[in-house]
Amino acid sequence: MSYLRFNHVFFGLMTLALLAAFVFSPTASQRVQGQVQGIFAPVAWPLSKIGAWAHNRVAPRQVVDDGSPSSPRSSDELRRENEDLRISLRNLRGQLERLAELETQRSMVGDARPFCTPFSVVGSDAGHRDSLLLSGSSLAGLREGMPVLSAGGIVGRLSAVGVGGARVRLVSDPGFRFEARFARLVRQPDGTLDFPLLPGESQVVDGRGDGVMMMRITEKEKIAADLRKDDWIVLSDRDWPLVLTNYRVGRVDSILPTRDPGFVQIIIKPDQNLEQLEEVMVMNKEKRNEQQGASGE
Amino acid sequence: MRWPACLIFGYITLGVQAGLARYLAIGSASPNFVVLMVIFIAMNAPRDAALLAAFGLGMFQDVLSQQPLGLCALSYGLVAMVVVGLQQVVYRRHPLTHFSLALFSSLLTMMVIVLHIVIRGPRLWSPIPSLFYSSLYTAVLAPIVLGLLGAISGAFAFQSSRRRT
């Protein structure tokens, strides 16, 4: 009798799992996930640190020194600092352009960093998707949809936040979508670096999983932009905070033909393996920024 | 089966999966330690306990992922049903058993995920090769991981099938 009862219970659980996975809305399950994912942090976090340490010893991350490709500087610290400065510069330029359009100059100009709070990455996605588990939770002021950045650029958005933890859905996760433009680092005759946007409108970028994103454009657009491998993809999406305009997302990895004549497929990869980040910046002070902007007007 | 031991090792396995698997990835293929834990329990534990533990491990793995709740729970429930049925006909300590069961289980999990992609989308096929390579990677690691778990199986106090019957 008890055997039959267990079978019934197990069948019920499996049916519930089937319905949750295939029928119910994913947002419903995300609410549950946000509440309990942090309970694994006591094991995942130290292992993640050990893994990062070992990984850095075996295969240290190489930062591309765009500022001095012919004679790379010796100090990693200097390179990272330089990279950060260039991101800030590009970011400020993008903001200025948009702000001129909106005629709300001065009030909202600034680096994205003052609006961010750093959070440690506790672990990565335990399944087959592209996400990161953070040490923060809703108690730390995190909310779903908040943008997440790193020194390398846009990382993603918070997708499941609860008292038990928070998860970042990475830009490369299947179905993640945003608009972006192309940009290129160009060395001027006087030796300074410029980061102009390439000709063309904003295009939709889709996450494809496994750290890859894809964009589909016409041959004409590709020729007009003179698009090449290693060109940058920068955010140009009005659904994202203004302060992130022209923030970089990744590089052009390859340009492939498609079955449809007249179109090409752009494969984009982030500048670094997003799943191996140890710390990210969550933009959780956006409201303060907007308030400052409003008062400036 | 000793449930506290199962809970502790399950908790550690899930923590390892979330914290360490990304650093053990080869290309886009990362190992799935949770499926190996499911196989270990399903190979040794009584039927009801094995099914329940597998389902629970899957449910908690879903919690640690962007994927919808229930996907791994359903997959591991199915895996446990098959492995429990094979308890009497396989040599539980043989590395080849570990490899083949891990490959089968990972592929079964992959099929459920592919089915989910087909039904619920987004219909992106690019992650499928990496799922396959992850299955192979997990299967290759299975003899080592299951061998280590076998060495500490005393902690779980599994009863032999003869004693149970």
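The largest nonpolar core of this predicted model has 114 residues. The residues with the most contacts inside this core are A:Val280, B:Val38, B:Ile39, B:Ala42 and B:Ala54.

- B:Ala54 is one of the residues with the most contacts inside the largest nonpolar core.
- Leaving out residues up to four places away in sequence, B:Ala54 touches B:Val38, B:Ile41, B:Ala42, B:Tyr76, B:Gly77, B:Val79 and B:Ala80.
- A:Val280, also among the core residues with the most contacts, belongs to strand S14 (residues 279-282) of chain A.
- Side chains alternate between the two faces of the sheet in a regular strand.
- In S14(A), A:Val280 and A:Val282 point to one face and are buried.

**Chain A as a whole**

- Chain A contains six helices and 14 strands.
- Of the 297 residues in chain A, 38% are buried.
- Among the contacts in chain A with a separation of 6 or more, 65% are between residues 24 or more positions apart.

**The barrel of chain A**

- Six strands of chain A form a closed barrel in the order S1-S2-S5-S4-S3-S14, and the pairing is antiparallel.
- On average, neighbouring strands of this sheet are turned by 45° against each other, with direction ignored.
- Strand S1 (residues 117-124) and strand S2 (residues 131-134) of chain A are antiparallel and pair over three bridges.
- S1(A) and S2(A) make a hairpin, with six residues between them.
- Opposite A:Val121 stands A:Leu134 in S2(A), and opposite A:Gly123 stands A:Leu133 in S2(A).
- S1(A) also runs antiparallel to S14(A), and four bridges join these two strands.
- In that pairing, A:Phe119 stands opposite A:Val280 in S14(A).
- S14(A) pairs with strand S3 (residues 147-150) of chain A in the antiparallel sense, over two bridges.
- A:Val148 has A:Val282 as its bridge partner in S14(A).
- S2(A) is joined to S5(A) by four bridges, and the two strands run antiparallel.
- A:Ser131 stands opposite A:Arg169 in S5(A).

**What covers the strands**

- S2(A) is covered on both faces.
- A:Ser131 and A:Leu133 lie on one side of S2(A), A:Leu132 and A:Leu134 lie on the other, and all are buried.
- Helix H3 (residues 41-58) of chain A lies across S1, S2 and strand S5 (165-170) of chain A.
- The direction of H3 in chain A is at about 95° to S1(A).

**Two packed helices in chain B**

- The angle between the axes and the distance between the axes describe two packed helices.
- The axes of H1(B) and helix H2 (residues 33-44) of chain B come within 8 Å and cross at roughly 155°.
- Angles over 145 degrees count as roughly antiparallel, and H1(B) and H2(B) are therefore roughly antiparallel to each other.
- On the H1(B) side, the contact is made by B:Cys6, B:Phe9, B:Gly10, B:Thr13, B:Leu14, B:Val16 and B:Gln17.
- On the H2(B) side, B:Phe33, B:Val34, B:Met37 and B:Ile41 take part.
- The residues of this contact of H1(B) with H2(B) are eight nonpolar, three polar and no charged.

**Where the two chains meet**

- The contact between the chains takes 47 residues from chain A and 40 residues from chain B.
- Five helices of chain B, H1 (3-19), H3 (47-63), H4 (71-86), H5 (95-120) and H6 (127-151), each supply at least two residues of the side that touches chain A.
- H1(B) gives the most to this side, with eight residues.
- By class, the side of chain B that touches chain A has 24 nonpolar, 13 polar and three charged residues.

**An isoleucine in helix H6 of chain B**

- B:Ile144 has its place in helix H6 of chain B.
- Is B:Ile144 buried or exposed?
- B:Ile144 has 12 other C-beta atoms within 10 Å, and a residue counts as exposed at 12 or fewer, so B:Ile144 is exposed.
- B:Ile144 and B:Asp62 are 82 residues apart along the chain, and their C-alpha atoms are separated by 25 Å.

Technical notes: Residues are numbered from 1 along each chain as its sequence is written. Chains are lettered from A and ligands numbered from 1 in the order in which they are written. This is a predicted model: local features need pLDDT of at least 70, side-chain atom pairs count only at pLDDT 80 or more; totals for chains, interfaces and linings use all residues. Two residues are in contact if their C-beta atoms, placed from the backbone, lie within 7 Å. Ala, Val, Leu, Ile, Met, Phe, Trp, Tyr, Cys and Pro count as nonpolar, Asp, Glu, Lys and Arg as charged, and the others, Gly among them, as polar. A nonpolar core is a set of buried Ala, Val, Leu, Ile, Met, Phe, Trp, Tyr and Cys residues joined through C-beta atoms within 7 Å. A residue is buried if 20 or more other C-beta atoms lie within 10 Å of its own, exposed if 12 or fewer, and partly exposed in between; C-beta atoms are placed from the backbone. Axes are lines fitted to C-alpha atoms, for helices over the stretch in contact, and angles run from 0 to 180 degrees between N-to-C directions. Angles under 35 degrees count as roughly parallel, over 145 as roughly antiparallel, 65 to 115 as roughly perpendicular and the rest as oblique. Two strands pair if DSSP finds at least two bridges between them.
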